[in-house]
Amino acid sequence: MSSNAVEHDTVASRRRRKLALDEEIKECRRCDGMNIDRVTASAPGYGCLTSPVALVGQSLCEKCMETQIPFTEGSGELIDEGIALAGLTKDQVFISNAVHCHPPKNRASHQHEVVNCSPFLHRELEIVRPRLVITLGRDAERVMRFFYPRARVARRPFEPPRGRLPKGVPYVFNVEHPSWIQRQHDDRLEDEYTSALAAAIRWSFDREHEEAGG
């Protein structure tokens, strides 16, 4: 089998696994009152299944129920700006949440909801296998700490890691949730935030190209 065929088979395999997982998320009823259509509905992770970076938020926003894309409008505008600054589009990265459903009235997720939903996220990350995970908020940060206890961790401003990273473990960049950044009403803070996201995303793609010899 040629290298192109192997690559295609790998991408096709990831796609099949992701579609099956998406269906499990859609049908999940582990948490009372969650995953009700147009009220607390879920959306799976979105984007490129071979992306070197995954952005992980806390839970699904109300608008995202309709689009089925995490971080649609609202605080997601800062995420979009960071991705654009990196010279990419949203469908070129992978974005998901610690809780795939929309909590009623945008309340914080309950602990049991995070515990019940995190296996879905873990399986998504096993499919994508990112070199970098950007956590957006405390729930995502805690989940990544549980998933990858050996991971090296950074905070804003983004600094590329030095030396060798643990094998098979992504580099983790913990930042504030974009909604918190917006509530500060500080243009300079927003610029620093989106610039940090862009720097981290660019690093992950540059590292991918280096490892591929490109």
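**View 1. Pairing of L132 with strand β6 in the predicted model.** L132 stands opposite Y171, a residue of β6, in this model, which is predicted. The pairing extends over five bridges, which join β4 to β6 (residues 171-175), and these two strands run parallel.

**View 2. Pairing of β4 with strand β2.** Strand β2, which spans residues 53-59, is joined to β4 by four bridges, and here too the strands run parallel. L132 takes part in this pairing as well, being the bridge partner of V53.

**View 3. The two covered faces of strand β4.** In a regular strand, side chains alternate between the two faces of the sheet. In β4, L132, I134 and L136 lie on one side, V133 and T135 lie on the other, and all of these residues are buried. Strand β4 (residues 132-136) is accordingly described as mostly covered, with five of its five residues buried.

View 4. When neighbours within four places in sequence are left aside, the residues in contact with T40 are G33, M34, N35, M65, C101, H102 and P104.

View 5. Leaving aside neighbours within four places in sequence, D139 makes contact with Q58, S109 and V114.

Conventions:
Residues are numbered from 1 along each chain as its sequence is written. This is a predicted model: local features need pLDDT of at least 70, side-chain atom pairs count only at pLDDT 80 or more; totals for chains, interfaces and linings use all residues. Side-chain values use heavy atoms; hydrogens and water are left out. Buried means under 20% relative accessible area, exposed over 50%, partly exposed in between (1.4 Å probe, protein chains only). Two strands pair if DSSP finds at least two bridges between them. Contact means heavy atoms within 4.5 Å.
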